[in-house]
Amino acid sequence: MVNTSKQLMKRILNKRSSDQPPDEEKDQSSLHDSLDYHFIEELKETKISLLLSDNHTFIKHLFQDCSDIVVREFEIEPNIPALLFFVDGLTNTQLLNDTMKSLMLLGGGETSIERIAGTILPVSQTQISDNYGDLLVSVLSGDVALLVEGNTKAVLLGIRGTEKRSVAEPETETVVRGPKEGFVESIRTNTSMIRRKLKTPRLKMKSMTVGKESNTSLVVCYLDDLAMPSLIEEVVKRIEQIKIDAIIESGMIEELIQDDTYSPFPQIQYTERPDVIASALLQGRVAILIDGTPFALIVPFVFIQIMQTSEDYYERFQIATLLRLLRYVFLFLSLTTPALYVAITTYHQELLPTTLMLSVAAAREAIPFPAVIEAFIMEITFEALREAGIRLPKAVGSAVSILGALVVGQAAVQAGIVSAPMVIVVSITGIASFTIPRFNGAIAVRMLRFPILIAGSLFGFYGIFFSLMILIGHMANLRSFGVPYLSPIGPLSVPDLKDVMIRAPLWQMKERPEFMAVQDTQNMDNKLPQQIKEDGGVDGSRIHHEHKSSEEGNKPDGS
């Protein structure tokens with residue numbers, strides 16, 4: 001063990017040294033790659049030694065100058081050397097003290113790791129490891145490693161006790177009706193919230209690790225009786241091929257595994273809501289949960305899901321349909337309103353009524369800039385105010401928004417820098433962008449507004465229509481893990497249109513979306529509405545009214 005640990009440490013030190021002979025640079029480069037991105041695999045080949053002193057030396061060399069690493073030596077009665085290896089701040093101190101107490105009071109000379117783990121330790125979760133790769137990943141995740149003299153295995157104690165944020169309502173996806181719980185930064189808390197929604201052994205959670213330095217834990221969730229094996233295999237394959245120093249947030253995973261990096265449209269959905277994850281899994285989709293962030297990823301993701309919210313399925317279908325139609329109308333306004341205003345005032349004045357045209361011309365008479373420059377000034381100012389409102393503290397941010405909207409806007413109009421109609425147009429555009437449920441979809445619309453504005457200022461309506469055609473063609477060419485981005489509109493799937501711009505009653509959506517390849521297409525049956533009608537639940541003909549029988553019972557005899 002000593003030789004093995006020294007050889008590994010020597011390889012690591014040699015990898016970091018820069019003064020290598022020229023003929024060894026190539027070999028050193030390949031060693032650098034293998035240790036950089038497969039360091040844990042290297043450690044998995046390093047077995048735990050029988051001698052506790054060798055294990056202690058190896059850990060001290062590996063974690064030199066790490067003040068948060070604790071190696072606590074003690075003796076199991078009678079006189080059996082042992083040590084606990086953990087990270088200060090990641091473990092439950094009370095449970096750790098109880099564990100040490102039970103071991104120190106152990107009698108009979110028991111030294112077998114399997115015996116100690118099975119009968120002595122007061123810990124519900126234990127795991128046995130025989131190599132340093134698994135041991136280090138567990139310890140750095142918050143577990144405690146117990147090593148005993150004369151054993152080539154270690155016990156990993158699941159007594160994590162990190163500080164974590166309590167479950168609260170997600171701020172990015174608020175709803176009027178629906179669950180008020182959201183994910184937190186603890187991956188096990190998040191998986192338990194999903195498990196409470198889907199109480200089935202079909203719910204699988206495949207654990208993976210990504211990041212050379214961070215060793216970030218993530219979980220791939222799916223229902224194995226619904227999700228296609230090819231989709232699960234593709235998701236796992238892309239994640240396994242990630243070679244990066246660290247994964248800090250789910251957005252890094254999203255950008256690395258998406259199909260088209262240069263497209264402005266999001267191809268992977270993110271959410272803080274466990275009910276959204278559960279609904280996605282029931283559609284045969286796959287979720288990715290990353291430790292350290294409350295945002296989970298869902299694949300595949302299509303354009304229509306940008307305009308949908310979880311609340312659409314909790315409210316009555318008439319309300320959900322009305323709100324969806326409203327969102328699509330304001331999506332179009334958010335994308336094209338500034339371009340339409342510039343095109344009409346520059347090239348197509350005949351489309352406006354005479355009175356309105358005279359009013360707009362009078363408002364723009366003293367403005368020194370063309371309409372397109374005026375639009376750019378207002379749009380950029382509005383985006384700057386929105387960014388300032390997000391980055392500043394909440395109390396100051398609201399004050400900045402009011403100041404920008406009222407004072408700056410009114411002063412700009414009175415100073416003759418911009419016209420009043422342009423302020424109205426930009427305000428409508430800003431309000432319309434806030435109606436898009438998905439924040440990443442709203443950002444894409446905000447970015448695309450500017451090239452469409454330029455096209456409208458150069459070519460009028462022709463430029464706007466040409467830009468929209470290019471945009472639709474681009475979306476038709478996109479894929480999200482093999483699923484066309486415009487599904488179910490392109491390619492057309494008529495049965496799936498009942499959940500696009502409208503939301504049909506739940507009993508009509510008895511089958512899962514056809515554009516998603518799943519193992520089981522049946523979602524529910526629609527016998528309940530017919531049964532209610534057959535039982536007279538509509539007209540109440542079979543309902544027994546107790547007050548009639550009670551009145552008859554109160555009549556005197558012989559009447």
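Biologist: Why are both arginine 386 and glutamate 383 called buried?

Modeller: Buried means under 20% relative accessible area (exposed is over 50%, partly exposed lies in between; 1.4 Å probe, protein chains only). Both residues fall in the buried class. This is a predicted model, in which local features need pLDDT of at least 70 and side-chain atom pairs count only at pLDDT 80 or more, while totals for chains, interfaces and linings use all residues. Residues are numbered from 1 along each chain as its sequence is written, and side-chain values use heavy atoms, with hydrogens and water left out.

Biologist: What makes arginine 386 and glutamate 383 a salt bridge?

Modeller: The term requires a side-chain nitrogen of Lys or Arg within 4 Å of a carboxyl oxygen of Asp or Glu. Here the closest N and O atoms are 2.8 Å apart, so the pair meets the definition. The two residues are separated by about one helical turn because they are 3 residues apart in helix α14 (residues 371-391). Helices are DSSP runs of H or I with at least four residues, strands are runs of E with at least two, and both are numbered from the N terminus.

Biologist: Which other residue forms a salt bridge with glutamate 383?

Modeller: Arginine 449 does, with the closest N and O atoms 3.6 Å apart. Arginine 449 lies in helix α17 (residues 439-459) and glutamate 383 in helix α14, so this pair ties together parts that are 66 residues apart in sequence. Salt bridges with shared partners join Glu379, Glu383, Arg386, Arg446 and Arg449 into one network.

Biologist: Why is glutamate 169 called partly exposed?

Modeller: Its relative accessibility is 35%, so glutamate 169 belongs to that class. Lysine 180, at 39%, is also partly exposed. Glutamate 169 and lysine 180 form a salt bridge, their closest N and O atoms being 3.8 Å apart. The search of the whole structure finds 22 salt bridges.

Biologist: What makes a group of residues a nonpolar core?

Modeller: The members are buried Ala, Val, Leu, Ile, Met, Phe, Trp, Tyr and Cys residues joined through side-chain atoms within 4.5 Å. The largest such core has 53 residues, and Leu218, Val235, Phe265 and Val286 have the most contacts inside it. Helix α12 (residues 317-346) gives the most to this core, with 6 residues.

Biologist: How do you know how confident the predictor is?

Modeller: pLDDT gives the predictor's confidence in each residue, from 0 to 100. The protein averages 83, and 85% of the residues score at least 70. Over residues 15-37 the pLDDT is below 50. Where pLDDT is low, the predicted coordinates should not be read in detail.

Key:
Contact = heavy atoms within 4.5 Å.
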